[in-house]
Amino acid sequence: MKLLVTGGAGYVGSVCAAHLLEAGHEVVVLDDLSTGHKDSVPPGAELVEGELGATAGEVLGRGGFDGVLHFAARSLVGESVEKPELYWDGNVVASFRLLEAIREHGVPRLVFSSTAATYGEPEEVPIRETAPTRPTNPYGASKLAIDHMITSYAAAHGLAATSLRYFNVAGAHVTDELKLGERHAVETHLIPLVLQVASGTREHISMFGEDWPTPDGTCVRDYIHVDDLAEAHLLALANATPGEHSIYNLGSGHGFSVREVVETCRAVTGHPIPAVVAPRRAGDPAVLVASSEQAQEKLGWTPTRTDIGQIVSDAWEFVRSR
């Protein structure tokens, strides 16, 4: 298939582009490089530099595209609270223009990078797709708005669409030829922050609260290896149904505490990694774990890289390769 990957110079988008190329697909990456990196675009993919809303129609207008994988987005929760206008424009308005380009040029398939942030603070764990969607910040709200748009386009225009709601994506795509991982200008994810301490670019890691109702008092999160995530996108492409919008949660189904992650990073890196207990952050749920039963049943997807040691080891190999 000939596929457009928006945001394909970013962390998840670049890894998915690599998997698509390995599967024999033709890949065109559209990225404005505001947060992505040109050298993250895997060899064999064409890179088009441009803003999503302004350029997607031009690229899809070339014709012959079999699908779009849409990763391009603003994704900083704190920034979304302080500057919501950036998220309604950069995420929602830009995605609307992409959907219009998809409709205009008759592209049959769409896989959208959604998020567990659409659920907000869960009532039950593990979180299923039937859980209420009550985002607690403009970032999550913008992603949910896009999901609603996609549902309407699928129903009205026959689009075969899938939204994949990620939990905590981690790890790196590591081969002899290619190493792709997280390197955000503003890093908010736990594992890369802890590895910054191990690599000497951060003095310590902060653990926000040690009195949570969890086994060791620190928050518990579900980590999914980025390669497992990429494989889910290929399955979503293959199993999309015209006129339907399917939504699947993607996680390992198992949680690891902040303290467990820090201890694993210490073991993998051999670095002491000083940790400082800080006050709880408002809005942090104690436990976030996904139920991926629907993805396993409908897509045939099962994560295989669920060991936190492997996830951290791959991320550390990427860090050391930079």
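I began with the cysteines of this predicted model, and my search of the whole structure for disulfides returned zero. I then looked at Cys 219, which takes part in no disulfide, and found that the nearest cysteine sulfur belongs to Cys 265 and lies 16 Å away. A disulfide calls for two cysteine sulfur atoms within 2.5 Å, so I noted no such bond for Cys 219.

Next I asked myself: is Cys 219 buried or exposed? With a relative accessible area of 7%, Cys 219 is buried, because the cut-off for that class is under 20%. I looked up Cys 16 as well, and at 1% relative accessibility Cys 16 also counts as buried.

For the overall fold, I listed ten helices and 15 strands in the chain. The radius of gyration is 19 Å, which agrees with the value near 20 Å that a compact globule of 322 residues would have. Along the principal axes, I found that the C-alpha atoms fill a box of roughly 55 × 45 × 40 Å.

I also looked at contacts in the chain with a separation of 6 or more, and 78% of these join residues 24 or more positions apart.

My last entry concerns charge: the chain has 24 positive and 42 negative charges, and I noted that their mean positions are 2 Å apart.

Notes:
Residues are numbered from 1 along each chain as its sequence is written. This is a predicted model: local features need pLDDT of at least 70, side-chain atom pairs count only at pLDDT 80 or more; totals for chains, interfaces and linings use all residues. Side-chain values use heavy atoms; hydrogens and water are left out. Helices (H or I, at least four residues) and strands (E, at least two) are DSSP runs, numbered from the N terminus. The radius of gyration is taken over C-alpha atoms; the globule rule is 2.2 Å times the number of residues to the power 0.38. Contact means heavy atoms within 4.5 Å. Lys and Arg count as positive and Asp and Glu as negative; His and the chain ends are not counted. The place of a charge is taken as NZ of Lys, CZ of Arg, CG of Asp or CD of Glu. Buried means under 20% relative accessible area, exposed over 50%, partly exposed in between (1.4 Å probe, protein chains only).
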